[in-house]
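Dear colleague,

I am passing on the structure we spoke about, which you will find just below. My notes on it follow, and I would be glad if you read them with the model open beside you.

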Amino acid sequence: MSPSFADPDAPSRPLHLVAAAEAPAFVAARPAPERAWLEAAGFTGALGQTVILPGSDGAPSAAVFGWGTDSDRRRGRFHLARAAETLPEGAWHLDAPLDTEASQEAALGWLLAGYRFTRYHASKRPVAALRPPAGVDAARLIAIAEAEYLARDLINTPASDLGPSELEAAFVALGQQHRAATEVVRGDDLLGAGFPMVHAVGRASSRAPRLMQLNWGTSGPRLTLVGKGVCFDTGGLDLKPAAGMGLMKKDMGGAASVMALAHAIMALQLPLRLRVIVPAVENAVSANAMRPQDILTSRKGLTVEINNTDAEGRLILADALALADEVPPDLVVSMATLTGAARVALGPDIVPFYTDDGALAATLAKAGERVADPVWRMPFWDPYEPLIEPGIADLDNAPSGGMAGSVTAALFLRRFVTASPRYLHFDIYGWQPKAEPGRPKGGVAQGARALLEALPEVLGL
Ligand code: BES
Ligand code: MN
Ligand code: ZN
């Protein structure tokens, strides 16, 4: 399924956006039958209130959508997406006093509301279509929505149908779609190729681990994206309790988000050189599983004491980041469903990110606000470095005590990026716990839109 707008040349019905403050005047100015209808419906302009107006034949001829107040709208995003979910099928166009940024959010939210996960169950809900509002770049919004759909499909697909080999198939298909070169190292070949920690995490699964790469673009600044591709996270031998394991099909949300971002970059033909690296594994339990207190030697040569096999994401990312850093790009980015601590700090909605570059952080936070993809800076706090040093090896993958869990995980990753001038890490959740406008319950890309929006300034495109 792919996102689409209504044909701009085909007939469509008006959808009036009416703020609470304007509702009485709006109602009073309508022709008498409409006025009576709106009054009978009790239309007040409350945010999300939708009234369909019948034409002379009784069929829907227009609709009004309550736009509430500024403070109502600050309590969420993609409000207009509710109209996409509730209006009758067919084409609609906006009659609304929105600036370009608000029109873009409205149109994108509408497209995102059209997402259905139909792999196992047909969708019964029809989708109303929106004519692209004036001033928005429809093709760009379609590319962004396609990217989001891709991430949602990947995250929503259960591990039974999305193991490392299926994630590889999706990765290679993405490369083929955009004529990008892809390369994959599988199974025991990971040892000879120098990815010992990807192998150590993934070897206990009946489904072989992988290290996947994609290269695209021939000129411009270099951007390398690294995504955590844990197709299922049981925790390994330090097994997760049931409540913690329940959602772990989404532990490849970082891989899904970087693949989504890569799709948008390639579809929009951004003038840069893109490299995407995804380590794909299943963190499983078997006789050959890595154990607590094992000491691994990473690709970079740093040794790591395994104090919890459930802190597996940072291990596979460490080898991937070391690879990324060997040909230093202008910017290295990692995205990962890395810690529960990130969720404790900020909840499912806001994505914590880490960077030492203050200008990059400011640009990214502002970009996230513009495109309704909220991100929040967290510190690479140098004084906590001792927490990730176990004494018996260079690094500890799971500091005891668990204080500042998202920060120590980020500090761990930073040890593997030493040659590249800038490093940016997102500790994402990748999951929408309850349906909100434009975001049905289930998988969701995070941080990708914010970064896409920030790239021109960050890389000087
Ligand atoms: N994939 C989990 C983190 C996670 C859990 C993200 C729940 C989102 C929701 C990760 O592999 C993990 O298990 N992290 C541990 C690390 C700890 C053992 C140091 C965690 O956060 O508890
Ligand atoms: Mn884990
Ligand atoms: Zn994990």
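**Salt bridges across the chain**

The side chains of D349 and R77 meet in a salt bridge, at 3.7 Å from N to O. This pair links distant parts of the chain, since D349 sits in the loop between α13 (340-346) and β14 (351-355) while R77 sits in the loop between α3 (70-74) and α4 (81-86), 272 residues apart. D349 counts as partly exposed, with a relative accessibility of 32%, whereas R77, at 13%, counts as buried. Please keep in mind throughout that this is a predicted model.

A search of the whole structure gives 25 salt bridges, and two others deserve a mention here. E453 and R140 pair through their side chains at 3.7 Å, N to O; because E453 belongs to helix α16 (residues 448-459) and R140 to helix α6 (residues 138-156), this pair ties together parts that are 313 residues apart in sequence. Both ends are partly exposed, E453 at 23% relative accessibility and R140 at 26%.

The side chains of E385 and R414 also form a salt bridge, at 2.8 Å from N to O, which joins the loop between β15 (375-378) and β16 (395-396) to helix α15 (residues 405-414). Here both residues count as buried, E385 at 13% relative accessibility and R414 at 16%. They are also part of a network of salt bridges that links D356, D382, E385, E389, R414 and R415.

**The nonpolar cores**

The largest nonpolar core has 89 residues, and L167 and F426 have the most contacts inside it. Helix α11 (residues 253-267) gives the most to this core, with 10 residues, and the core draws at least three residues from each of domain 1 (13-136) and domain 2 (142-459). Leaving aside neighbours within four places in sequence, F426 is in contact with residues including V333, M335, V351, F353, L364 and L451. A second, separate core of 40 residues includes L190, V304, I388 and F416.

With best wishes

Technical notes. Residues are numbered from 1 along each chain as its sequence is written. Chains are lettered from A and ligands numbered from 1 in the order in which they are written. This is a predicted model: local features need pLDDT of at least 70, side-chain atom pairs count only at pLDDT 80 or more; totals for chains, interfaces and linings use all residues. Side-chain values use heavy atoms; hydrogens and water are left out. A nonpolar core is a set of buried Ala, Val, Leu, Ile, Met, Phe, Trp, Tyr and Cys residues joined through side-chain atoms within 4.5 Å. Buried means under 20% relative accessible area, exposed over 50%, partly exposed in between (1.4 Å probe, protein chains only). Helices (H or I, at least four residues) and strands (E, at least two) are DSSP runs, numbered from the N terminus. Domain bounds come from an automatic or database domain assignment. Contact means heavy atoms within 4.5 Å. A salt bridge is a side-chain nitrogen of Lys or Arg within 4 Å of a carboxyl oxygen of Asp or Glu.
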